[in-house]
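Please look over the sequence and the model shown here before turning to the numbered points below.

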Amino acid sequence: TDEPMPDELIAVLDGNPAVAEAWDALTPGRKRSFVLHVGSAKQAKTRVARSEKCIPKILAGKGFNEY
């Protein structure tokens, strides 16, 4: 099943075309890793911070748990 995408992650993708393009190139499993990581935070400010920290990995084409 598909996880609902957090609004904070959607805002990051909408606000930065380069990140959105890199997001579209990610595999479904890599996308899911970011959605699960960001969505697991209970507070909105934590979800925002996690979304911002994910940008370099998204641009690099890596999943959340990849180095």
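1. In which helix is the place of Arg47? Arg47 sits in helix α4, residues 44–60, where helices are DSSP runs (H or I, at least four residues) numbered from the N terminus. This is a predicted model, in which local features need pLDDT of at least 70 and side-chain atom pairs count only at pLDDT 80 or more, while totals for chains, interfaces and linings use all residues. Residues are numbered from 1 along each chain as its sequence is written, and side-chain values use heavy atoms, with hydrogens and water left out.

2. Arg47 counts as buried because its relative accessibility is 18%, buried being under 20% relative accessible area with a 1.4 Å probe and protein chains only. Apart from neighbours within four places in sequence, Arg47 is in contact with Glu8, Val38, Ala41 and Lys42, contact meaning heavy atoms within 4.5 Å.

3. Helix α1 (residues 7–15) packs with helix α2 (residues 17–25) at an angle of about 115 degrees, their axes being 5 Å apart; axes are lines fitted to C-alpha atoms over the stretch in contact, and angles run from 0 to 180 degrees between N-to-C directions. α1 is therefore roughly perpendicular to α2, a term for angles of 65 to 115 degrees.

4. On the α1 side, this contact is made by Leu9, Val12, Leu13 and Gly15, and on the α2 side by Pro17, Val19, Ala20 and Trp23. By class, the contact of α1 with α2 has 7 nonpolar, 1 polar and no charged residues; Ala, Val, Leu, Ile, Met, Phe, Trp, Tyr, Cys and Pro count as nonpolar, Asp, Glu, Lys and Arg as charged, and the others, Gly among them, as polar.

Key
Helices (H or I, at least four residues) and strands (E, at least two) are DSSP runs, numbered from the N terminus. Angles under 35 degrees count as roughly parallel, over 145 as roughly antiparallel, 65 to 115 as roughly perpendicular and the rest as oblique. Buried means under 20% relative accessible area, exposed over 50%, partly exposed in between (1.4 Å probe, protein chains only).
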